[in-house]
Amino acid sequence: MKMKKNSPLKHYSSPEQSRGQPVLSSDRPLPRGAKCNRCRGQAEVHLPSHHANFCPDCFIHFVRTAVIRALKEVNFQPRPLMVAVSGGKDSLAVWDLLHQLGYQTKGLHINLGISGFSEASSQAVDDFASSRGLEWSEYCLEDVFGYSIPEVHRLLRGKTCSLCGRLKRAFFNRLTVREGFNTLVTGHNLDDEAGRLLGNLVGKRLEHVYKQYPYLPSPHPLIPAKLKPLYRLEIKELLAYCRLKNITPVQKICSYSRGATSHTFKQALDFLEDSMPGTKRSFLFSYLRDSQLKDRLACEQDGEGQRDRKTEYGLCQECGCPAYAHRCGICSLRQRLGDKEKSKQQRSELKRQHLCLEEQK
Ligand code: SF4
Ligand code: ZN
């Protein structure tokens, strides 16, 4: 989606700088005497989309209740949970909340090999886990896939974030099963989900809307169920939660993060939210709660032309993971990277030989 030259979005500031959104903002504290909606004490957190103010303790209660409600809405039955942890605020917050709520959890971190960023991310996970006595596993993408993200970028320029997302999704699934868990938790929040929904609707990808539901049961013994307990909470609320709970997410920004289209969709929704608090929430929930739409999309998934693809998995002949063809998407990508590397090597060898011949002349 391209922005017009004079688009209001162009001048739109980040949600935390914008009017009407001060959540635990030290430069814009709530006035003395502002009352917490729950206990009537001094409020410190303002939530415009809920028309509510909370004191710190009641705000934490509010966040916990949002997670309990999310789990109840999907009728989630307690079981051990593998939590995908990047070291960012969302993944650390969801891990903290599930642990606090008494769930048996283990963290799973994939080190992408991005200089500076990956070390800092791994350190953030370690600091968080060790201060709470939580167990976690770390795998290097290079070890499990054969290539790190900088190598993927060097060989296939231009689509680094989408390839990284695809690799993370695949290996979080595979490693969850390898570690003996059958449910993978991710820290997707309301802003992520609403932005993704808008992107899917703009791109008319209704079949992807089905995959947005906060709980997706396992479609195959080698693919875990997916759970998104934070889908009712906004980015600002999670930032405030991390600050109040002394959770320190990774501070470094990935060097490949520029220009993701998902940011544009999120910005568009922030713009609407700024003028009409609650829009983002009602936009997302109206789709998630539409049971007729859900049933229709589920039918389409199983409908003509989709059945073979979606429900009858085969196994990849190379790695043994569930696949729709004889080779899975990850092994195809590895092959593509290998071919690219070979042709690069051949080109540089030819260049070297050419230079030698030139020198001999
Ligand atoms: Fe991967 Fe892109 Fe995120 Fe970096 S910004 S970690 S490359 S998805
Ligand atoms: Zn494979």
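Predicted model: local features only at pLDDT ≥ 70, side-chain atom pairs only at ≥ 80, totals over all residues.
Local features need pLDDT of at least 70 and side-chain atom pairs count only at pLDDT 80 or more, while totals for chains, interfaces and linings use all residues. Residues are numbered from 1 along each chain as its sequence is written, and chains are lettered from A and ligands numbered from 1 in the order in which they are written.

The chain contains 14 helices and 10 strands; helices (H or I, at least four residues) and strands (E, at least two) are DSSP runs, numbered from the N terminus. Of the 361 residues, 30% are buried. A residue is buried if 20 or more other C-beta atoms lie within 10 Å of its own, exposed if 12 or fewer, and partly exposed in between, with C-beta atoms placed from the backbone. Among contacts in the chain with a separation of 6 or more, 68% join residues 24 or more positions apart; two residues are in contact if their C-beta atoms, placed from the backbone, lie within 7 Å.

Ligand 1 is surrounded by L112, I149, T160, C161, C164, G165, C254, Y256 and S257, where a residue is near a molecule or strand if its C-beta atom, placed from the backbone, lies within 6 Å of it. The shell has 6 nonpolar, 3 polar and no charged residues. In this classification, Ala, Val, Leu, Ile, Met, Phe, Trp, Tyr, Cys and Pro count as nonpolar, Asp, Glu, Lys and Arg as charged, and the others, Gly among them, as polar. Helix 6 (residues 160–178) supplies the largest share of the shell, 4 residues.

Helix 6 has 19 residues and spans 26 Å from its first C-alpha to its last, close to the expected 27 Å; the expected span is 1.5 Å times one less than the number of residues. Its buried residues are T160, C164, L167, F172, N173, R174, L175 and T176. These pack against several elements, including strand 3 (81–84), strand 4 (105–111) and helix 5 (149–155). Just after helix 6, G180 adopts a positive phi of about 85°.

Helix 14 (residues 329–360) has 32 residues and reaches 47 Å, close to the 46 Å expected. Helix 14 is hardly covered, with a count of buried residues of 1.

Two packed helices are described by the angle between their axes and the distance between the axes. For helix 2 (residues 89–100) and helix 9 (residues 235–244), the angle is about 65° and the axes are 10 Å apart. Axes are lines fitted to C-alpha atoms, for helices over the stretch in contact, and angles run from 0 to 180 degrees between N-to-C directions. At this contact, K89, D90, L92 and A93 in helix 2 meet L238, L239, Y241 and C242 in helix 9. These residues divide into 6 nonpolar, no polar and 2 charged.

Most residues other than glycine have a negative phi. K204 lies in the loop between helix 7 (190–202) and helix 8 (206–210), and is exposed because 8 other C-beta atoms lie within 10 Å. N246 also has a positive phi, near 55°, and is located in the loop between helix 9 and helix 10 (261–275). N246 counts as exposed because it has 9 C-beta neighbours inside 10 Å.
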